[in-house]
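This report describes selected local features of one protein model. Please keep the sequence and the structure at hand while reading.

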Amino acid sequence: SSSSSSNPQSSTTTKQSNQVPVNRGRKEEDIIVEVKVSLEDFYNGKKIEGIKAAGESHDVYVDRGMGDGQRVVLRNKANNSIDKTVEHGDLIFVLKQTPHNIFKRDGPHLFIDHTISLQEALCGFQFQIKHLDNHLTNIKCNRGQHVVSPNSIFKAHGEGMPLFRSPFHKGHLYIKFSIEFPKTGSLNDSVLNQLSLLLPGPPPIVSVPIRRNNNNSSTTSNSSNLSDDVEDVAIENFDEVEFEKLKRDLQDRINSVDFS
């Protein structure tokens with residue numbers, strides 16, 4: 001008897017015989033838990049502590065470069081059944097990115113909108129962006145390097161998100177520019193005359209001469225042959241609210257017509 005008690009294999013066999021065998025063909029349902037993660041935490045990485053799930057508290061590790069919808073799986077940690085013969089399901093944490101007030105993300109790349117003045121669009125600019133790890137990124141365009149058009153997009157190389165499992169490599173930062181033009185009435189005649197001389201563009205505004213052929217088609221002609229059919233038309237600011245109202249009024253008038 002003394003030899004059997006000192007036999008490790010015999011001891012192990014006795015211990016295993018006290019366990020309830022698990023039926024590997026049957027498994028509990030997985031438990032899925034949504035975890036909100038900020039863009040800063042996706043950028044820097046973070047240990048999120050104390051998430052309650054399956055009757056326990058769990059820590060979720062968000063690695064740098066992880067993204068929205070990515071899953072962190074704890075195998076056989078669901079433990080939502082009292083049936084000890086059933087294999088436990090998985091506890092699945094789904095990472096959901098919360099909106100950011102400056103940056104938008106698309107895979108490894110970041111996107112921002114930025115407004116500059118007309119002077120900056122023509123003559124160059126410089127501004128700083130506070131990044132997701134609080135470092136300052138200096139965005140600079142030297143005079144004569146670029147002329148920035150409205151809605152144009154420029155790339156800041158390597159200023160995007162770190163790549164998952166390769167965090168020292170990064171995507172890019174894309175900047176979409178809006179141009180703030182001078183407000184109506186803010187430029188006097190003297191300034192406008194100077195601008196018209198300095199800036200490239202069409203010649204001063206003149207009436208466009210039109211000559212009508214016998215077939216009533218219109219062609220341009222020399223200024224000495226001005227047509228009486230020419231009419232100068234001034235343009236106005238587009239008012240979207242007024243435009244939608246006119247559309248509704250027109251539709252109401254169409255609907256009120258009796259076509260019978």
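With which side chain does the side chain of T137 make a polar contact?

## Surroundings of T137

The model is predicted. In it, the side chain of T137 makes a polar contact with the side chain of H135, at 3.1 Å. T137 itself belongs to strand β11, which covers residues 136-141.

The relative accessible area of T137 is 6%; T137 is therefore classed as buried, the limit being under 20%. When neighbours within four places in sequence are left aside, the residues in contact with T137 are F127, Q128, I129, H131 and E159.

Strands β3 (residues 46-53) and β4 (residues 56-62) run antiparallel and are joined by six bridges. Within this pairing, I48 has V60 of β4 as its bridge partner.

The two strands form a hairpin, with two residues lying between β3 and β4.

N188 is located in the loop that links β15 (173-180) to α5 (189-198). Is N188 buried, partly exposed or exposed? Its relative accessibility is 45%, so N188 counts as partly exposed, a class that lies between the limits of 20% and 50%.

The side chain of N188 also reaches the backbone nitrogen of S190, at 3.2 Å.

Note on methods:
Residues are numbered from 1 along each chain as its sequence is written. This is a predicted model: local features need pLDDT of at least 70, side-chain atom pairs count only at pLDDT 80 or more; totals for chains, interfaces and linings use all residues. Side-chain values use heavy atoms; hydrogens and water are left out. Helices (H or I, at least four residues) and strands (E, at least two) are DSSP runs, numbered from the N terminus. Buried means under 20% relative accessible area, exposed over 50%, partly exposed in between (1.4 Å probe, protein chains only). A polar contact is a pair of N or O atoms within 3.5 Å; within protein, one must be able to donate a hydrogen and the other to accept it, and residues adjacent in sequence count only if both atoms are side-chain atoms. Two strands pair if DSSP finds at least two bridges between them. Contact means heavy atoms within 4.5 Å.
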